[in-house]
Amino acid sequence: KIVIGKALAYFSLYIFNTLFILVVIFRIFNLPMRSNYFEIFIFVIPFLLSVIYMGMSIASLFKSRESSMMILLFTSIPFIFLSGFSWPLSAMPHWQQYAAEILPSTPAIKGFLALTQKGVPFSDVIVQWQHLWVLTIAYLLISSIFTKMTMKKAQQAGQ
């Protein structure tokens, strides 16, 4: 319950950022939008949830906020390369392609670009959408387990 409650709080904040980017930023910079907003919004929901749950899972591994920020700084560039945003996944070794599949950004970038820039129908990105839902469920389970372990440790320390 705690994990889902936190996720919904984060989601309510990030959905406004997403709407701002999709509606305002795309229009200000005259970026092409070749799909309808409803399909993009439906596609973005599991991406946001998977990133939130992944962040909660990773955050539970650290005791201090400063440690997590240093790791985030160190891993952000490799994550960008692994996502296929700046370097094609097909040109990477197989082990890196497999590692990229556990990052929500990998299927999200493929699907988002296909929807907004290529104008493909939603049925063409259903594989990426399902991939994001699998990651969402996996990271929800991981963050729930870690949160339960953390609460158990805190309860034992308090006795």
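1. A residue is called buried here when its relative accessible area is under 20%, exposed when over 50%, and partly exposed in between (1.4 Å probe, protein chains only). With that in hand, Trp133 is partly exposed, at a relative accessible area of 29%.

2. A word on the model, which is predicted: local features need pLDDT of at least 70, side-chain atom pairs count only at pLDDT 80 or more, and totals for chains, interfaces and linings use all residues. Residues are numbered from 1 along each chain as its sequence is written, and side-chain values use heavy atoms, with hydrogens and water left out.

3. Let us start with the aromatic rings. Rings of Phe, Tyr and Trp (its six-membered ring) pair if their centres lie within 6.5 Å; planes under 30 degrees apart are stacked, over 60 edge-to-face, and the rest tilted. That rule gives three aromatic pairs. One of them joins Phe122 and Trp129, edge-to-face, with 5.5 Å between centres and 70 degrees between planes. Trp129 also pairs with Trp133: the centres are 6.1 Å apart and the planes stand at 90 degrees, so this pair is edge-to-face.

4. Trp129 and Trp133 are four residues apart in helix α6 (residues 126-158), so about one helical turn separates them. Helices here are DSSP runs (H or I, at least four residues), numbered from the N terminus.

5. Thr147 is also in helix α6. Thr147 is buried, with a relative accessible area of 18%. Leaving aside residues up to four places away in sequence, Thr147 touches Ile2 and Val3, where contact means heavy atoms within 4.5 Å.

6. Helix α5 (residues 105-118) deserves a look too. Its 14 residues reach 18 Å from first C-alpha to last, close to the 20 Å expected at 1.5 Å a residue; the expected span is 1.5 Å times one less than the number of residues. Buried residues in α5 include Thr106, Pro107, Ala108 and Gly111. Which helices do the buried residues of α5 pack against? They pack against α1 (2-28), α2 (37-59), α3 (65-82), α4 (94-100) and α6. After α5 comes Gly119, with a positive phi near 75 degrees.

7. Asn17 is in helix α1 and is partly exposed, at a relative accessible area of 44%. Asn17 and Ala108 are 91 residues apart along the chain, and their C-alpha atoms are separated by 16 Å.

8. The largest share of the patch, five residues, comes from α1. Tyr37 belongs to helix α2 and counts as partly exposed, at 31% relative accessibility.

9. Finally, please check Asn30, in the loop between α1 and α2. Most residues other than glycine have a negative phi. Asn30 is not a glycine, yet has a positive phi of about 50 degrees. At 67% relative accessibility, Asn30 counts as exposed.

Methods:
Helix = DSSP H or I, 4+ residues; strand = E, 2+ residues; numbered from the N terminus.
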